[in-house]
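Please look at the chain shown below and follow the questions and answers after it, which build up a picture step by step.

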Amino acid sequence: MAAATPPLIPADVRSRLRSLRLWPQRASGSRGIGAHASRSRGAGLEFAQYRAYEPGDELRQIDWKLYARSDRFFVRESERESPVTVWLLLDCSASMGQADRARPDWQRLDAAKALLACVAELALQQGDAFGLIALGGDGVQLLPAGNGLHQRDRLHLQLHALKAAGQWPPQQKLSPLWERIASNDLVVMIGDGFDAAGVELAERLAKAGRDVVHLQLLTVEERDFPFRDGHRFRDPETDDELLSDGVAVRADYLARFKQAQRVLDARLQAAGIRHDTGYLDEAIDAPLQRLFGRRAGSGA
């Protein structure tokens, strides 16, 4: 009997997602009130219902008059105005197959799949539509946007089937993005941030009115460069190799790495793109907690 496919979202991560909300900044900025324009429940415009207080809820949402009558904490939820479509844009090029020597069974792509499943879970709990566009050696793979539990099941099946291969698709193959992603849609891009064409695509989407979030995933070895002896470094997309002494080049590598990260951060910030970098030794949802946690969302 074949082993069961492990869930994309561990139970402890799923429980933490309940305190997060997706905050599309373009919709929020244009309306001035509310987290985003959606028919989901949250801190919006028109009162919809009460629910029990959960850790992470803002104190200003508690109905203190109801607490005085019931001696229990309840939060006022509201309905937001119109739906948001969340597009999950995944880099499936060969470099996403990298893993750390300490954990060879946990590829960058595995973490990206789990992170995208978390984003879809947030969209699901808010009542928003979500779809997937995977970019890699097979060109563009599309899951049209949809709502509900069946859409989540379809997404998980497609994510499980994806493999890291090839290079970023050429420009002429990217037309499905512009055919599907409408103005003011929320685009969550996940990749290693090393493909110049990927960063350019994020900038073009943002310039065209799409609300873009860029999540970069890096290995621990890329961050810490722990190599202490002769090592053969190979580019998984071009097969170019470099034989070098880890100790001799470590300081220069780390300086170049930090500078490249500063340049990427500044470039995305200039385009109005929210950005966070996660690493393979972090909790899956760490980038989402930093970007969409209560304090981040409220500007506190």
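Q: Which residue of β6 does F130 stand opposite?
A: The model is a predicted one, in which local features need pLDDT of at least 70, side-chain atom pairs count only at pLDDT 80 or more, and totals for chains, interfaces and linings use all residues. Residues are numbered from 1 along each chain as its sequence is written, and side-chain values use heavy atoms, with hydrogens and water left out. Strand β6 covers residues 139-146, strands and helices being DSSP runs numbered from the N terminus (E, at least two residues, for strands; H or I, at least four, for helices). The residue of β6 that stands opposite F130 is G146.

Q: How many bridges join β5 to β6, and how do the two strands run?
A: Two strands count as paired if DSSP finds at least two bridges between them, and in general the strands of a sheet pair through backbone hydrogen bonds, either parallel or antiparallel. β5 and β6 form a hairpin with two residues between them, and within this pairing I133 has L142 of β6 as its bridge partner. The bridges between β5 and β6 number six, and the strands run antiparallel.

Q: How do β4 and β5 run, parallel or antiparallel?
A: Seven bridges join strand β4, residues 85-91, to β5.

Q: Why is strand β5 largely enclosed by the rest of the structure?
A: A residue is called buried under 20% relative accessible area, exposed over 50%, and partly exposed in between (1.4 Å probe, protein chains only). A129, G131, I133 and L135 point one way from β5, while F130, L132, A134 and G136 point the other way, and all are buried. Strand β5, residues 129-136, is therefore largely enclosed because its buried residues number eight of the eight.

Q: What is the order of the strands in the open sheet of six strands?
A: The pairing in this open sheet is mixed, and its edge strands, each pairing on one side only, are β6 and β11. Neighbouring strands are turned by 15° against each other on average, direction ignored, where axes are lines fitted to C-alpha atoms, for helices over the stretch in contact, and angles run from 0 to 180 degrees between N-to-C directions. The order is β6-β5-β4-β7-β8-β11.

Q: Which helix has an axis that comes within 11 Å of that of α4?
A: The two axes cross at roughly 170°, which makes the helices roughly antiparallel (over 145 degrees; under 35 is roughly parallel, 65 to 115 roughly perpendicular and the rest oblique). The contact, meaning heavy atoms within 4.5 Å, includes L116 and A120 of α4 together with L155 and L159 of the partner. The partner, residues 148-161, is helix α5.

Q: Across which strands does α7 lie?
A: Helix α7, residues 196-207, runs at about 170° to β7. Helix α4, running at about 180° to β4, lies across β4, β5, β7 and β8. The strands across which α7 lies are β4, β5, β7 and β8.

Q: Is R274 buried or exposed?
A: R274 is found in strand β11, residues 274-279. Not counting residues up to four places away in sequence, R274 touches several residues, including W23, D211, H214 and F292. Because its relative accessibility is 16%, R274 counts as buried.

Q: What is the phi of N184, which is not a glycine?
A: N184 lies in the loop between α6 (175-180) and β7. With a relative accessible area of 48%, N184 is partly exposed. Its phi is positive, at about 75°.

Q: Where is the place of F225?
A: F225 has a positive phi of about 45° although it is not a glycine. At 5% relative accessibility, F225 counts as buried. Its place is in the loop between α8 (220-224) and β9 (230-234).
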